[in-house]
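Hi,

Here is the structure I promised to pass on.

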Amino acid sequence: MRARYGVPLGITAVGAAGLIYAAGFETRSFRLRRVTVPVLPRGMRPLRVLQVSDIHMVCGQRKKRAWLQSLAGLRPDLVVNTGDNLSDPDAVPEVLDALAPLMEYPGVYVFGSNDYYGPRLRNPARYLIEKAQGRHGLNGNAPAVGVVHNPWEGLRDAFDAAGWSDLSNTRAEMKLEGCEIAFTGLDDPHIKRDRYEQVAGGPDPDADLSLAVVHAPYLRALDPFTADGYPLILAGHTHGGQLCIPFYGALVTNCDLDTDRVKGLSTHHCAGRTSYLHVSAGCGASRYTPVRFACPPEATLLTLAPKD
């Protein structure tokens, strides 16, 4: 009897321990990623850009709120919010409380699908099936039916009131420490809200730096940004793979980006041009899959430095 049941019980115990770790510890093990990107003109002083993404706030997540509030101590020159702030339609006040200290700094933002719509319970294996079939979001699946509509307008109004610029299929510009920065953003490609034709034309030739911002790093957004000559693209959405295999990495990205670039700084190539791409692994997870494994929640402090 021991030989018959010992191995299955052992596997069950290991699985249970992994689940407890993924849900009870790693989802609250917040980290700060630091990267340097040489994209500024020579002679300019570096700029500190804090990227927050995929907060997926659920009411009562006090540790996450406190950690986000503490990021204001970094004193960034600019905050970039790349979307998916919500995973609970009642959590708008808690998102705004968490981000209130950061909203004292200049900022820009785009929204993700979970800002507009509430999450639904899904079998995690479907992400692997959709990857194998080349289907991601509304790009290959039927439109969602009966979804919960989140009160995203409250987020928009508060961000706008704080002076943050909405980059949903539009452009913006600001001056930071003597540096003229132009922004071009897209609404979320994951739910087909992106309209690149509305912002086409390439970087602002009068700006010292042009940044591209989008929630989900689909190739149809990355390719034109790169072909048009944007030196740096900021995105989120992937959760860094969320459930990763140690010493191997992510299995899925939830879009058509390859898993080698699921998080962190990399490059993207198109039409003979190259852009830096930074994908944030985000600091949250859906309320229905509140686990992370081998992929701690994070924000990123990017130091934009002069070109070599």
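First, the ground rules. This is a predicted model, so I took local features only at pLDDT of at least 70 and side-chain atom pairs only at pLDDT 80 or more, while totals for chains, interfaces and linings use all residues. Numbering starts from 1 along each chain as its sequence is written, and side-chain values use heavy atoms, with hydrogens and water left out.

Let's start with the sheets. Helices (H or I, at least four residues) and strands (E, at least two) are DSSP runs numbered from the N terminus, and two strands pair if DSSP finds at least two bridges between them. (Contact means heavy atoms within 4.5 Å; axes are lines fitted to C-alpha atoms, for helices over the stretch in contact, and angles run from 0 to 180 degrees between N-to-C directions.)

Further in, strand 2 and strand 3 pair in the parallel sense over four bridges, with Val79 of strand 3 as the bridge partner of Leu50. Strand 3 is covered on both faces: Leu78 and Val80 on one side, Val79 and Asn81 on the other, are all buried (under 20% relative accessible area, with exposed being over 50% and partly exposed in between; 1.4 Å probe, protein chains only).

The other open sheet also has six strands and mixed pairing, in the order 6-7-8-9-11-10. Strand 6 (170–176) and strand 10 (264–270) are its edge strands, each pairing on one side only. From one strand to the next, the twist averages 25°. Helix 7 (residues 219–227) packs here, touching strand 7 (179–185), strand 8 (209–213), strand 9, strand 10 and strand 11, and its direction makes about 70° with that of strand 10.

Now the cores, meaning sets of buried Ala, Val, Leu, Ile, Met, Phe, Trp, Tyr and Cys residues joined through side-chain atoms within 4.5 Å. The largest has 31 residues, and Leu50, Val52, Leu68, Leu71, Leu102 and Phe159 touch the most other members. Strand 2 (47–52), helix 2 (62–70), helix 3 (92–99), helix 6 (152–161) and strand 12 (298–306) each give two or more residues; helix 3 has the largest share, with four. Another core, of 24 residues, lies apart from it and includes Leu78, Val80, Ala172 and Leu232.

Helix 2 and helix 3 also pack against each other, at an angle of about 35° with axes 7 Å apart. Arg65, Leu68 and Gln69 of helix 2 meet Glu94, Asp97 and Ala98 of helix 3.

Finally, where does Asn85 sit? Asn85 is in the loop between strand 3 (78–81) and helix 3, and is buried, with a relative accessible area of 0%. Its side chain makes a polar contact of 2.8 Å with that of Asn81 (N or O atoms within 3.5 Å; within protein, one must be able to donate a hydrogen and the other to accept it, and residues adjacent in sequence count only if both atoms are side-chain atoms). Leaving out residues up to four places away in sequence, Asn85 touches Ile55, His56, Met57, Val95, Leu99, Phe111, Asp115, Leu155 and Phe159.

Cheers
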